[in-house]
Amino acid sequence: MRKSTAIELFDFFAGLNQKAVTKSAFVQRRQFIKPQFFKDFFLHSAKQFYACFSHHHTFRGLRVFAVDGTGQRLPREPWIGQAFGYHLNQHDRVPSTRILATFDLLNKIIFRIDLHTQKSAEITHAYTNVAKLPKEAIYVYDRGFDGYGLPFLHRRYGSHFVIRVKKGLSPDIRGFVKGSDKEQVINVVLKDRAYRSLRDLGLAPEWKAIFPVRLVKVILPSGEIEVLMTSLMDRKRFHYKRIVELYGWRWGVETAFHNLKSFLQLALVSAYTQPGVEQDIWATFWNYNINSVLEFSTEQQVQKATENRQYFYQINRNVAAGLIKRWIPIFFCSSKSKWRAKTKVLKEQICRHLEPYRLRPSRVRKRRLIRAQERHIYESNYRSTF
């Protein structure tokens with residue numbers, strides 16, 4: 001809901017040829033729906049994607065997930081801050097939550113979301129998630145998740161990882177940076193801070209556990225060197241250039257955050273109560289997954305329609321989000337027997353709105369301050385379709 005509640009209700013019931021209920025009636029009744037329902041609905045969307053699309057994209061037979069976090073400011077109400085936490089600085093405190101996403105990079109599906117306060121670190125939640133995540137997968141982490149705690153846990157539970165590490169993390173890594181080798185296998189030891197962090201979380205780490213990791217050197221166009229650490233030891237199956245490409249895919253989770261905050265307008269909630277805000281947040285994650293499901297199901301149709309064009313084309317997710325919003329009432333208020341035909345019509349409408357995918361040249365990132373209502377600033381060439 002992005003318009004006033006009364007107008008949203010009018011549009012909803014007008015599509016059903018029914019008389020709209022009042023805003024007061026809607027607000028009173030939504031309080032009886034637990035936010036957990038919307039969370040379960042979101043998790044179910046991810047589960048059903050893999051069940052329904054057995055031909056989903058993989059890399060060497062493995063799914064590729066990015067694990068990363070972002071912040072989200074919430075309405076300035078004290079009960080919201082008490083429920084979700086605050087972002088603190090030297091001037092003020094603002095209700096906000098941190099979002100740790102486990103995101104399928106190849107299929108654009110949000111697999112898991114963890115909401116936490118500013119007081120707990122993202123890597124702490126990443127530690128406790130490893131045992132719960134699928135084993136036949138590769139997990140890609142940015143530099144904020146480096147260290148030896150996550151490698152130890154992934155080896156324990158049988159999943160793979162690619163982590164960008166700080167060049168000064170250990171003497172072995174510093175020596176690797178100075179050397180001429182493109183890749184190297186070293187043995188690392190779990191101790192000190194990583195060991196204590198796992199121990200304090202009750203994860204039963206092994207003191208001074210020794211295990212091998214593979215280091216891969218990345219030379220940026222500027223000449224700067226970055227280091228990736230991975231458990232993918234098969235050099236023939238996973239050439240070092242493919243490891244670098246794997247990490248490059250991590251940017252997909254940043255694009256997902258942009259879509260959530262810009263196109264789906266995650267910051268614009270329709271309620272100022274704790275249950276209402278939480279309902280909106282989980283519903284937005286579900287909405288994103290439905291958008292990705294429809295994009296995946298139309299891939300072959302788009303490729304066939306644009307095979308003779310100069311650029312690779314993709315679904316315009318901004319327009320698709322607006323179309324999906326207008327079709328959702330029709331789906332959920334219709335019988336199951338009519339879903340297939342109506343879904344086909346929606347897919348045809350979405351495929352009419354394509355945009356070329358062009359590689360952008362590297363550019364310096366400019367940070368912009370958020371003022372006024374503290375909403376997310378989206379790119380100027382996009383307009384809201386909600």
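I take buried to mean under 20% relative accessible area, exposed to mean over 50%, and partly exposed to mean in between, with a 1.4 Å probe and protein chains only. The model is a predicted one, in which local features need pLDDT of at least 70 and side-chain atom pairs count only at pLDDT 80 or more, while totals for chains, interfaces and linings use all residues. Residues are numbered from 1 along each chain as its sequence is written, and side-chain values use heavy atoms, with hydrogens and water left out.

**Entry 1. Salt bridges**

I began with Asp280 and Arg30, and noted that both residues are buried. The two form a salt bridge, with the closest N and O atoms 3.4 Å apart. My criterion for a salt bridge is a side-chain nitrogen of Lys or Arg within 4 Å of a carboxyl oxygen of Asp or Glu. Asp280 belongs to helix 11 (residues 274–297) and Arg30 to helix 2, so this pair ties together parts that are 250 residues apart in sequence. Helices here are DSSP runs of H or I with at least four residues, strands are runs of E with at least two, and both are numbered from the N terminus.

I then searched the whole structure and found 18 salt bridges. One of them joins the side chains of Asp146 and Lys166, at 3.3 Å from N to O. Asp146 sits in the loop between strand 5 (137–141) and helix 6 (149–157), and Lys166 in the loop between strand 6 (160–165) and helix 7 (171–178), 20 residues apart. Asp146 counts as buried because its relative accessibility is 12%. Lys166, by contrast, has a relative accessible area of 42%, so I recorded Lys166 as partly exposed.

A further salt bridge joins the side chains of Arg199 and Asp200, at 3.4 Å from N to O. Arg199 is partly exposed, because its relative accessible area is 43%. Asp200 counts as exposed, because its relative accessibility is 59%. I also noted one network, in which salt bridges with shared partners join Asp68, Asp142, Arg164, Glu226, Arg250 and Glu254.

**Entry 2. Nonpolar cores**

Which residues of the largest nonpolar core touch the most other members? I found Tyr141, Leu150, Leu190, Val213 and Leu215, out of 43 residues in that core. Strand 8 (residues 209–219) gives the most to this core, with four residues. A second, separate core has 42 residues, including Val64, Val162, Val218 and Phe257. By nonpolar core I mean a set of buried Ala, Val, Leu, Ile, Met, Phe, Trp, Tyr and Cys residues joined through side-chain atoms within 4.5 Å.

I looked up the contacts of Tyr141, contact meaning heavy atoms within 4.5 Å. Leaving aside neighbours within four places in sequence, the partners of Tyr141 include Val67, Leu150, His154, Phe161, Arg164, Tyr247 and Arg250.

**Entry 3. Helix 1**

Helix 1 spans residues 5–15, and Thr5, Glu8, Leu9 and Phe13 are buried in it. Viewed down the axis of helix 1, the buried residues fall within an arc of 120°, so they line one face of the helix. I take that arc from the directions from the helix axis to the C-beta atoms. An α-helix has 3.6 residues a turn, so residues three or four places apart point the same way. Phe10 and Gly15 are exposed on the other side of helix 1. The cover over the buried residues of helix 1 includes helix 2 (23–30) and helix 13 (317–332). After helix 1 comes Asn17, with a positive phi near 55°.

**Entry 4. Positive phi in loops**

Most residues other than glycine have a negative phi. I noted Lys108 on this account, with a positive phi near 60°. Lys108 is placed in the loop between strand 3 (93–104) and strand 4 (109–116). Its relative accessibility of 29% is why Lys108 counts as partly exposed. Gln265 also has a positive phi, near 50°, and lies in the loop between helix 10 (251–263) and helix 11. Is Gln265 buried or exposed? I recorded Gln265 as buried, because its relative accessibility is 7%.

**Entry 5. Gly223**

I located Gly223 in the loop between strand 8 and strand 9 (225–230). Gly223 is partly exposed, because its relative accessible area is 45%. The C-alpha atoms of Gly223 and Leu169 are separated by 20 Å, and the two residues are 54 apart along the chain.
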